[in-house]
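This briefing goes through a structure by topic, from the chain as a whole down to single residues. Please keep the sequence and the coordinates at hand while reading.

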Amino acid sequence: MVEQEGIRRYVAHLVLWIGIAIVAFPVYLAIIASTQDNAVIANGQMSLLPGGHFLQTYYQTIFIGTSGSTREPVGTMLLNSLVMALLIAVGKIAISIISAFAIVYFRFPFRMTIFWVIFITLMLPVEVRIYPTYKVTSDLHLLDSYAGLALPLIASATATLLFRQFFMTVPDELLEASRIDGAGPLRFFWDTLLPLSRTNMAALFVILFILGWNQYLWPLLITTRDDMQTIQIGIRKMITTTDALTEWPIVMATAVLAMLPPVFVVVVMQKLFTRGLVETEK
Amino acid sequence: MQKNAIFQSKLLPFALVAPQLAIVLIFFYWPAAQAVVQSFLLQDAFGLSTSFVWFENYLDLLQDAEYFATIGRTFFFSFAIALSSLSLALLLAVMADKPLRGGTLYRTLLIWPYAVAPPVVGVLWIFMLHPSLGVLARYLRAMGVDWNPLLDGNQAALLIILAAAWKQISYNFLFFLAGLQSIPKSVIEAAAIDGARPMRRFWTVIFPLLSPTIFFLIVVNIVYAFFDTFGIIDTMTRGGPGTSTVTLVYKVYTEGLIGGNLGSSAAQSVILMVIVIVLTAIQFRFVERKVTY
């Protein structure tokens, strides 16, 4: 019995390591490829060990870009992605937390209607209204702008629901206490509710940042200028030319750079990440 | 739904919901309504006049063999992705649920692909399995497989399914692990005392208790396969070769890009909307969300 337990544990370790290998291999390959010479890769002779072009490739990727397919250095794309991701994450949290505050702490006409109007947007992802949304954005002259990248995406039914649920659990005594202190609604929101929501906001921020960083379809539609490209769009353009011309080390370096910020967030803020993920799916 | 202790104000609550409401109305409802209206209209070839045609656009779609093939393909992709990703994730979660040394390390090493964007997933996988330079393609050919996903539609479809399932492993793993950890240890011990062997314990006790999580994940994975595979397809195959990897979303995107039939494109969007509504409704109506962490 004890011996069997030992074998089982051994099998578990083995299975998990195989799983990790499956998950990690494509990324390992990308990192390795980003350090090798393009000619060797293009011949299909790539080795599985690091090459000597690390500094050169990453320098060219970040500051110069590919010589053919895209005319922008990846540094600019990283900046665009960062701005978009931050705008989306902060924007969603900001407009959701104040809507939830209104819905929970006030009684006003059409309160429930408004709640449902926000809630139903869950069923209208950008993929089902691609071109009409594009038209609206273009009519508002928001193409090729940060506002155009972020605004149409910052409504959030999930975040509103989450904050509403959380506010419902905040004891009424807190409001009464702050009212005795002479605080109005905005003071109460700022001094009491916001500090209490800190963990929820952080967990949500982690998820929404990753979501924003990884946006693809929307930026693909509304950015036409090279200097407004996000990194996800840039990488796609790098492999549009015929295969013979694709500069694979640079493509792979771009892939690594595109993965780095969100993966870093997941690994370093793992607790908040899992919490946010589970919370937003409730 | 409502607190007992509330504030009195006539204007403030409207001011607070205004930003979200404005965005929702301008960028969600207005375009969605546009799509619905468009789907009942037909434009002439020069875009000079439009006429109201009732359900003609829908009927045209339903008579289009290519559209039907796309629906079938999208569902096939969804089930293949969900099945492969869920089974591997469940196996890993069951293993990681055991009290092992280095348990948290395993978890960290398995969850990070969640953060990799679909287009990047596409790039990683096409590089690995590219017919002329891919490292794995080299081994496949050495084994005598005639591997060329750029020409062979079935192989291209397989590539999409593998890449999409790969990305989803971590998400499924995380929720399975959470589900497993919420099963009371006493239940499993009781089964063990009754003499049930581990395999039997899994299928008769753990698996049924996990079914809400499984059902929830099936719905999430189908939604993922419908919508989030767009980036993977666009960087890997662009729908090709031929139309062998075109999904419903990809079809709307490419046909809109070329321009042309606005009515048909709108009707396709509305059909997608209906699919999302049904999936979301299933999720809210039937899924017990008892995942705790």
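Among contacts in chain A between residues at least 6 apart in sequence, what percentage join residues at least 24 apart? The share is 72%. The model is predicted, with an ipTM of 0.90 and a pTM of 0.90. In chain B the average pLDDT is 86, and 95% of the residues score at least 70.

**Overall form of chain A**

- Chain A has 15 helices and 0 strands.
- The globule rule gives 19 Å for 282 residues, whereas the radius of gyration of chain A is 24 Å, so the chain is more spread out than a compact globule.
- The C-alpha trace of chain A spans about 75 × 70 × 35 Å along its principal axes.
- Of the 282 residues in chain A, 47% count as buried.

**Contact between the chains**

- On the chain A side, 78 residues are in contact with 75 residues of chain B.
- Helix α1 (residues 2-33) of chain A supplies 13 residues, the largest share of the side that touches chain B.
- That side of chain A is made up of 57 nonpolar, 11 polar and 10 charged residues.

**Nonpolar core**

- The largest nonpolar core contains 162 residues.
- The residues with the most contacts inside this core are A:Phe101, A:Ala255, B:Val120, B:Leu124, B:Phe127, B:Ile160 and B:Phe173.
- Helix α4(A) gives the most to the core, with 17 residues.
- Beyond its neighbours within four places in sequence, A:Phe101 is in contact with A:Phe167, A:Phe189, A:Leu193 and, from the other chain, B:Leu16.

**A:Ala89 in helix α4**

- A:Ala89 is found in helix α4 of chain A.
- A:Ala89 counts as buried because 25 other C-beta atoms lie within 10 Å, and the cut-off is 20 or more.
- Setting aside neighbours within four places in sequence, the contacts of A:Ala89 are A:Phe205, A:Leu208, A:Phe209 and A:Gly212.
- A:Ala89 and A:Val206 are 117 residues apart along the chain, and their C-alpha atoms are separated by 8.2 Å.

- Helix α13 (residues 231-238) is mostly covered, with 7 of its 8 residues buried.
- The buried residues of α13(A) are A:Ile231, A:Gln232, A:Ile233, A:Gly234, A:Ile235, A:Arg236 and A:Met238.
- Their cover includes α4 (74-105), α12 (217-222) and α14 (248-268) of chain A, together with α5 (118-129) and α10 (230-236) of chain B.
- Buried in α8(A) are A:Ala157, A:Ala159, A:Thr160, A:Leu162, A:Phe163 and A:Arg164.

**Loop residues with positive phi**

- Most residues other than glycine have a negative phi.
- A:Phe110, which is not a glycine, has a positive phi of about 65°.
- A:Phe110 lies in the loop between α4 and α5 (111-120) of chain A, and counts as partly exposed because it has 13 C-beta neighbours inside 10 Å.
- For A:Asp144, phi is also positive, near 55°.
- The loop between α6 (130-139) and α7 (146-150) of chain A holds A:Asp144.
- With 14 other C-beta atoms within 10 Å, A:Asp144 is partly exposed.

Notes
Residues are numbered from 1 along each chain as its sequence is written. Chains are lettered from A and ligands numbered from 1 in the order in which they are written. This is a predicted model: local features need pLDDT of at least 70, side-chain atom pairs count only at pLDDT 80 or more; totals for chains, interfaces and linings use all residues. A residue is buried if 20 or more other C-beta atoms lie within 10 Å of its own, exposed if 12 or fewer, and partly exposed in between; C-beta atoms are placed from the backbone. Helices (H or I, at least four residues) and strands (E, at least two) are DSSP runs, numbered from the N terminus. Two residues are in contact if their C-beta atoms, placed from the backbone, lie within 7 Å. Ala, Val, Leu, Ile, Met, Phe, Trp, Tyr, Cys and Pro count as nonpolar, Asp, Glu, Lys and Arg as charged, and the others, Gly among them, as polar. A nonpolar core is a set of buried Ala, Val, Leu, Ile, Met, Phe, Trp, Tyr and Cys residues joined through C-beta atoms within 7 Å. pLDDT is the predictor's confidence in each residue, from 0 to 100. The radius of gyration is taken over C-alpha atoms; the globule rule is 2.2 Å times the number of residues to the power 0.38.
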